[in-house]
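Trainee: I have a new model open on my screen and would like to learn how to read it. Please take me through it step by step.

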Amino acid sequence: MSSDFPSTSADAIGSIASLFLANPVTLYETRARRLRTLAEREPSLRAYLLFVAQIVEVQHLLSRRDDGSPMPTTTLHVDGVTPPLSMARLLQDRFWQESLTTLLATLMPYVPESVQPVLGRLKKLDAVQRTAAAHALFDNDTTLTGSDGAPFFWAALSLTAMQRIARSKIVIAEKSDVAHHLCPLCGNAPIASVVHPDGLRYLHCRLCESEWHVVRALCSNCDSSRDIDYWSLENQFPAVKAESCGDCHSYLKILYQKDDKEVDAVADDLASLALDARLEDEGFSRSSINPFLFPSP
């Protein structure tokens with residue numbers, strides 16, 4: 001929801017906010033609630049949506065526990081060229097590994113019995129192995145984590161990224177151009193586009209959960225405006241569409257808050273997998289992945 005993303009700056013257009021930052025506590029709380037609501041609407045995905053809701057609820061718990069932690073504060077300069085929260089910088093923090101350890105331990109009693117060996121395998125990885133696995137995940141490589149273990153790793157990384165940003169002073173260069181297909185803060189790809197109630201489109205980062213403004217009717221993958229089409233399953237998902245590009249043959253979901261103010265980039269993307277299947281049947285490939293649906297190695 002847009003109310004969870006306080007504006008940090010306005011771009012040269014005037015009143016258009018160029019960047020919104022996520023509040024981890026409120027974001028995880030509303031996301032878990034949304035996942036449970038969607039689980040009741042989509043019986044075929046109910047078990048998985050509830051499983052993801054459990055992970056998000058632990059993220060919410062950890063985000064609240066960390067309020068008094070000694071995580072360092074810093075200044076992040078956004079220039080539209082080099083993301084200030086780089087992969088190397090994020091992985092230098094010990095906090096993401098601590099978050100992963102706590103997340104795995106907290107989830108163990110609640111996950112299905114078939115998932116417990118996955119958590120056990122991840123728990124045995126040492127710090128060096130975890131760092132190597134995280135590096136690989138940034139390139140969508142799940143060889144070291146397995147596709148079944150990747151969401152847990154990413155949940156800890158994402159939480160740490162959001163907490164770092166929440167504790168940082170964000171300075172946006174006066175002439176910076178944040179209208180780009182990768183996150184200006186951490187350099188990751190978006191999960192989806194979100195059209196706010198005012199009609200402005202923002203891309204939602206899959207890692208740090210920030211949102212940055214990009215004009216509509218431009219491909220979020222290649223910036224083309226020549227052959228953009230919109231696809232939907234309106235009766236099933238009235239607030240969710242897929243935006244496809246005939247030039248690069250990619251697509252990404254686009255969520256409309258005016259049609260449903262509760263839409264969530266992660267939750268609604270997972271619940272609308274039927275729309276992904278339709279686009280893939282039409283020959284399009286998704287330009288980014290949902291962090292709870294990493295591909296198999």
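Mentor: Happy to! Helices (H or I, at least four residues) and strands (E, at least two) are DSSP runs, numbered from the N terminus. This is a predicted model, so local features need pLDDT of at least 70 and side-chain atom pairs pLDDT 80 or more, while totals for chains, interfaces and linings use all residues. Residues are numbered from 1 along each chain as its sequence is written, and side-chain values use heavy atoms, with hydrogens and water left out.

Trainee: Let's start with a loop. Is A217 buried, partly exposed or exposed?

Mentor: A217 sits in the loop between β7 (211-213) and β8 (228-232). Its phi is positive, about 65°, although A217 is not a glycine. Buried means under 20% relative accessible area, exposed over 50%, and partly exposed in between (1.4 Å probe, protein chains only). With a relative accessible area of 38%, A217 is therefore partly exposed.

Trainee: What is the phi of D223?

Mentor: D223 belongs to the loop between β7 and β8. D223 has a relative accessibility of 40%, so it counts as partly exposed. D223 is a residue other than glycine, yet its phi is positive, near 70°.

Trainee: Is the crossing of α1 and α2 left-handed or right-handed?

Mentor: A crossing is left-handed if the near helix is turned anticlockwise from the far one by less than a right angle, and right-handed if clockwise. For α1 and α2, the crossing is left-handed.

Trainee: How many charged residues does the contact of α1 with α2 have?

Mentor: Contact means heavy atoms within 4.5 Å. Among the residues making it are Y28, R31 and L35 of α1 and L49, A53 and E57 of α2. Ala, Val, Leu, Ile, Met, Phe, Trp, Tyr, Cys and Pro count as nonpolar, Asp, Glu, Lys and Arg as charged, and the others, Gly among them, as polar. By class, the contact of α1 with α2 has twelve nonpolar residues, four polar ones, and a charged count of seven.

Trainee: What about α4 and α7: how many nonpolar residues are in their contact?

Mentor: The axes of α4 (residues 95-107) and α7 (residues 150-166) come within 8 Å and cross at roughly 130°. That angle makes α4 oblique to α7. On the α4 side the contact includes F95, W96 and L100, and on the α7 side F152, F153 and L157. Two of the residues in this contact are polar and none is charged, while the nonpolar ones number twelve.

Trainee: And how are α6 and α7 oriented, oblique or roughly perpendicular?

Mentor: R130, A133, A134, L137 and F138 of α6 meet A150, F153, W154 and L157 of α7. The axes of α6 (residues 127-138) and α7 come within 11 Å and cross at roughly 95°. The two helices are therefore roughly perpendicular.

Trainee: Now single residues. Which residue's backbone oxygen lies 3.0 Å from a polar atom of the T30 side chain?

Mentor: T30 is found in α1. Its relative accessible area is 17%, so T30 is buried. A polar contact is a pair of N or O atoms within 3.5 Å; within protein, one must be able to donate a hydrogen and the other to accept it, and residues adjacent in sequence count only if both atoms are side-chain atoms. For the T30 side chain, the backbone oxygen at 3.0 Å is that of T26.

Trainee: How far apart are A242 and D276, C-alpha to C-alpha?

Mentor: A242 is part of strand β9 (residues 240-245), and its relative accessible area of 0% makes it buried. Although A242 and D276 are 34 residues apart in sequence, their distance in space is 8.0 Å.

Trainee: Last one: what distance separates the C-alpha atoms of S272 and E42?

Mentor: S272 lies in the loop between α8 (265-271) and α9 (273-281), and at 0% relative accessibility it counts as buried. A polar atom of its side chain lies 2.8 Å from the backbone oxygen of D268 and 3.3 Å from that of D269. S272 and E42 are 230 residues apart along the chain, and their C-alpha atoms are separated by 8.9 Å.

Definitions and conventions: Axes are lines fitted to C-alpha atoms, for helices over the stretch in contact, and angles run from 0 to 180 degrees between N-to-C directions. Angles under 35 degrees count as roughly parallel, over 145 as roughly antiparallel, 65 to 115 as roughly perpendicular and the rest as oblique.
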